Amino acid sequence: MKARLANPGPLRRFANLLYRRPNLYLTLLLIPPLTWFGAIYLGSLLNLLWQGFYTFDDFTMAVTPDLTLGNFAALFNPSNFDIILRTLGMAVAVSLASAVLAFPIAYYMARYTSGKTKAFFYIAVMMPMWASYIVKTYAWTLLLAKGGVAQWFVQLLHLDGLLQALLTVPGIGGSTLSTSHLGRFMVFVYIWLPFMILPIQASLERLPPSLLQASADLGARPGQTFWQVTLPLSIPGIAAGSIFTFSLTLGDFIVPQLVGPPGYFIGSMVYAQQGAIGNMPMAAAFTLVPIVLIALYLSLVKRLGAFDAL
Amino acid sequence: MPLAVQFTQVSRTFGEVKAVDQVSIDIMDGEFFSMLGPSGSGKTTCLRLIAGFEQPDNGSIRIHGVEAAGVPPYQRDVNTVFQDYALFPHMNVRDNIAYGLKVKGVAKAERHARADEALAMVALAGYGARKPAQLSGGQRQRVALARALVNRPRVLLLDEPLGALDLKLREQMQGELKKLQRQLGITFIFVTHDQTEALSMSDRVAVFNRGRIEQVDTPRNLYMQPATTFVAEFVGTSNVVRGELAEQLNGSPAPFSIRPEHIRLGEQAADSHEVQVSGLLHDVQYQGSATRFELQLDSGQLLTVSQANDRWQAHAQTWQAGQRVQARWPREAMTALLETVLDEGR
């Protein structure tokens with residue numbers, strides 16, 4: 001034992017060195033993730049955005065590195081701006097609906113379940129994420145199709161009149177449920193809901209039960225406790241969840257193609273510009289839009305005080 | 001004197017555990033009443049039963065004569081100071097204090113005025129705009145107190161409110177709480193596991209053990225005349241003597257208690273009204289104001305003896321471990337006890 005301490009092996013010498021130099025240890029730990037995140041992820045993103053300043057020649061279909069602001073200016077053409085507004089509107093609607101749907105489930109999971117029941121709920125919430133996203137979207141096209149399950153169910157409830165009326169509303173409707181904005185909205189809400197449930201659940205789990213008891217003790221009815229204590233303190237979770245639902249909707253390019261009326265979303269526009277047309281600079285310019293929108297959204301949420309309780 | 005809170009044969013079971021077992025208590029209006037006991041003895045559950053966070057399985061709880069069963073916490077005229085203070089982190093101090101008034105629909109100007117008044121009462125005037133996170137533990141404790149008192153409850157429940165404070169601050173708050181209670185004339189029900197705290201503040205103390213009450217009495221009676229072996233050993237330090245030795249010294253086989261400071265060491269012969277024993281000093285601990293001795297009697301019984309280090313008994317400091325000494329105490333210092341039975345069936 002004594003001999004080993006007097007003459008340590010190379011591994012032990014290395015361990016001792018790391019112990020004496022905690023900064024070296026930290027550097028060694030951080031180099032791989034920082035390389036990945038900094039060089040590969042941020043580097044390629046910045047490179048992509050840089051290409052937004054390149055020029056695309058409509059006749060030769062060639063990209064030349066002549067710097068221009070034209071692509072970014074083109075975002076404000078009525079046709080492009082429509083795409084942005086349509087996507088933004090959907091992202092806001094999906095986030096709101098997800099929050100409203102997710103909250104009761106998250107509340108139940110956080111405050112009423114434990115042990116096996118809680119595990120069951122975790123699995124139930126996450127299980128849809130195990131299945132392929134494309135398969136789920138195609139499945140929804142069948143569910144929502146004319147003569148599909150959704151229509152059958154609506155007829156069963158004798159609500160087809162109401163559905164037809166809804167489908168004639170501009171901005172919501174379409175010729176059938178599967179080609180309507182409403183149908184597209186339902187698919188988005190279905191697919192992103194778990195991303196809203198889990199952060200809200202985590203924020204409610206952190207809420208000390210004594211705060212709710214204190215509220216009741218001070219004379220607040222359950223409804224008052226919800227609006228004054230529970231909801232304000234779960235805002236960080238709702239904000240975190242809405243960042244997921246908001247940004248995922250902004251960037252999605254498959255659901256808009258498979259469900260809903262014709263017309264591009266930001267994601268499908270990027271896909272079309274870059275793939276079919278080969279206009280990489282315009283695709284890059286479109287890529288900037290969700291980044292800017294999410295930055296604006298985050299600063300708005302921060303100004304509303306959503307992160308104060310963190 | 002009217003009753004503030006009355007428990008009649010109250011039981012509350014959690015799964016297999018009888019947290020509160022057939023408890024009956026009468027708490028008088030305007031009384032400073034403490035519930036003392038080790039953790040898990042049922043004292044906090046009793047408090048939560050009064051607040052309405054728990055419902056009894058059996059028995060009845062009356063608050064100012066009104067049956068409390070089925071009355072939700074927000075309709076009870078009691079307020080609680082929580083152990084972790086439970087201040088709302090997203091509200092400033094003033095809004096925290098005004099919360100109870102706000103949910104009852106008191107107008108903004110009045111509730112702010114009353115909140116500021118309550119802040120002044122706990123010596124925190126001018127702290128209204130701060131967030132709870134910007135306060136020290138002691139300050140948070142005062143805010144929690146002000147938040148409860150601003151509602152002018154008839155009964156204030158305090159759940160180990162001083163537990164998280166350091167010793168000096170705790171002693172200061174003990175004095176302030178007692179003063180506040182006298183000033184306001186509200187019934188205070190104070191839960192603690194700290195017997196010094198319970199003795200120094202309370203009009204009466206209930207000692208809890210395993211969901212049952214061992215004794216309800218004034219602090220002086222609790223200390224001088226403990227009813228059971230548990231109370232004798234939990235409240236202060238006590239020598240509990242049992243069996244043959246008890247019969248020999250006290251004339252009865254019932255266990256008795258003798259307080260360490262009621263025993264005198266020394267060679268002086270005992271009076272007729274005194275009991276005398278002899279033994280070997282095991283251990284001597286100097287504690288500043290007193291010295292504590294561990295004395296082993298010839299029967300094997302260990303006695304803890306405490307002698308004040310005052311100027312009148314300088315010789316008390318000269319005894320050393322290994323020395324044989326005589327000890328004596330007045331017969332009336334021995335208190336016969338009921339043996340606390342450890343019911344293993346629970």
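Arg48(B) and Glu54(B) join their side chains in a salt bridge, 3.5 Å from N to O. A salt bridge here is a side-chain nitrogen of Lys or Arg within 4 Å of a carboxyl oxygen of Asp or Glu. This is a predicted model, where local features need pLDDT of at least 70, side-chain atom pairs count only at pLDDT 80 or more, and totals for chains, interfaces and linings use all residues. Residues are numbered from 1 along each chain as its sequence is written, chains are lettered from A in the order in which they are written, and side-chain values use heavy atoms, with hydrogens and water left out.

Stay with the first pair. Glu54(B) is buried, at 12% relative accessible area. Arg48(B) is partly exposed, at 24%. (Buried means under 20% relative accessible area, exposed over 50%, partly exposed in between, with a 1.4 Å probe and protein chains only.) Both residues belong to a salt-bridge network that also links Arg12(B) and Asp57(B).

Next comes a pair within a helix. Arg114(B) and Glu110(B) form a salt bridge at 3.4 Å, N to O. They sit four residues apart in helix H3 (residues 108–121) of chain B, so about one helical turn separates them. Helices are DSSP runs (H or I, at least four residues) and strands are too (E, at least two), numbered from the N terminus. Arg114(B) is buried at 15%; Glu110(B) is partly exposed at 43%.

The last pair is Asp298(B) and Arg324(B), with closest N and O atoms 3.2 Å apart in a salt bridge. This one links distant parts of the chain, 26 residues apart: Asp298(B) lies in the loop between strands S15 (290–297) and S16 (302–308), Arg324(B) in strand S17 (residues 324–330). Asp298(B) is exposed at 56%. Arg324(B) is partly exposed at 48%.

Over all chains, the structure holds 15 salt bridges.
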